[in-house]
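Colleague: I have not seen this one before. Can you walk me through it, starting with the overall layout?

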Amino acid sequence: MEETYIDSLDPEKLLQCPYDKNHQIRACRFPYHLIKCRKNHPDVANKLATCPFNARHQVPRAEISHHISSCDDKSCIEQDVVNQTRNLGQETLAESTWQCPPCDEDWDKDLWEQTSTPFVWGTANYCGKNSPASNIVMEHKSNLASGMRVPKSLPYVLPWKNNGNAQ
């Protein structure tokens, strides 16, 4: 039994393709080959069904129910389910003692108490009459030297991309 189990895990073991009987594929490449061959042989693919326990098992549709009842990989899945149900029965979840901290924030109240206007990208910042900033003249700040300005648009052709023409 253990010898056949070790043999089935051998990545160099040759497996026969269910879509083309002439294909002998190494076990490590078999899943990739199945996808490729399924696309190349849609007529055969329609006649085969995939095992729900192991996608490498492609069996004729008429035999899928028999395969499901006798699939070797089914026992592994069933064992996992049994182990999980046993563990759930043994584990007792500790009740959480965490409590939400008290919240002193009131966003609606803060909104009404807000004295300055909110920042909105692309609009001028106008101050209200009661705002301390209303007496300050707002001017545009520029890092350019005096007398220089930022161009309003880029040139259609950038000078450094002149299609290889040297000046």
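Modeller: First a term: helices (H or I, at least four residues) and strands (E, at least two) are DSSP runs, numbered from the N terminus. The model is a predicted one, where local features need pLDDT of at least 70, side-chain atom pairs count only at pLDDT 80 or more, and totals for chains, interfaces and linings use all residues. Residues are numbered from 1 along each chain as its sequence is written, and side-chain values use heavy atoms, with hydrogens and water left out.

Colleague: Fine. How many helices and strands are in the protein chain?

Modeller: The protein chain has 6 helices and 4 strands. Read from the N terminus, the order is α-β-β-α-α-β-β-α-α-α.

Colleague: And what share of the residues is buried?

Modeller: Of the 167 residues in the protein chain, 13% are buried. Buried means under 20% relative accessible area, exposed means over 50%, and partly exposed is in between (1.4 Å probe, protein chains only).

Colleague: What does the accessible surface come to?

Modeller: About 15600 Å² for the protein chain, with 55% of that belonging to carbon and sulfur atoms. Accessible areas come from the Shrake-Rupley method with a 1.4 Å probe, and for residues only the protein chains shown count as cover.

Colleague: What about contacts between residues at least 24 apart?

Modeller: They make up 13% of the contacts in the protein chain between residues at least 6 apart in sequence. Contact here means heavy atoms within 4.5 Å.

Colleague: Where does UniProt place a domain?

Modeller: The UniProt record, an unreviewed entry, puts "domain: CHHC U11-48K-type" at residues 14-41 and 48-75. UniProt positions are given in the numbering used here, feature names are shortened, and annotations may be inferred rather than shown by experiment.

Colleague: How much helix and strand is there over residues 14-41?

Modeller: Residues 14-41 are 39% helix and 21% strand, with the end C-alpha atoms 20 Å apart. For residues 48-75 the figures are 39% helix and 21% strand, and the end C-alpha atoms lie 22 Å apart.

Colleague: Pick a residue in helix H2. What is Leu34 in contact with?

Modeller: Leu34 is in helix H2 (residues 30-40). Setting aside neighbours within four places in sequence, Leu34 is in contact with Pro18, Tyr19, Ala55, Arg56 and Gln58. Leu34 is buried, at 3% relative accessibility.

Colleague: Arg56 is on that list. Where is Arg56 found?

Modeller: In the loop between strand S3 (48-50) and strand S4 (58-60). The C-alpha atoms of Arg56 and Leu34 are separated by 7.6 Å, although the two are 22 residues apart along the chain. Arg56 and Pro31 are 25 residues apart along the chain, with 6.4 Å between their C-alpha atoms. Beyond neighbours within four places in sequence, the contacts of Arg56 are Ala27, Phe30, Pro31 and Leu34. Arg56 is partly exposed, with a relative accessible area of 36%.

Colleague: And His67, buried or exposed?

Modeller: Buried, with a relative accessible area of 16%. His67 sits in helix H4 (residues 64-70). Not counting residues up to four places away in sequence, His67 touches Cys51, His57 and Val59.

Colleague: Change of topic. How many disulfides does the count come to?

Modeller: The count is 0 disulfides. A disulfide is a covalent bond between the sulfur atoms of two cysteines, and the cut-off is a pair of cysteine sulfur atoms within 2.5 Å.

Colleague: Which residue forms a salt bridge with Glu12?

Modeller: Arg26, with the closest N and O atoms 3.5 Å apart. Glu12 lies in the loop between helix H1 (2-8) and strand S1 (14-16), and Arg26 in strand S2 (residues 24-26), so the pair ties together parts that are 14 residues apart in sequence. The count comes to 1 salt bridge, by the rule that a side-chain nitrogen of Lys or Arg is within 4 Å of a carboxyl oxygen of Asp or Glu. Glu12 is partly exposed at 45% relative accessibility.
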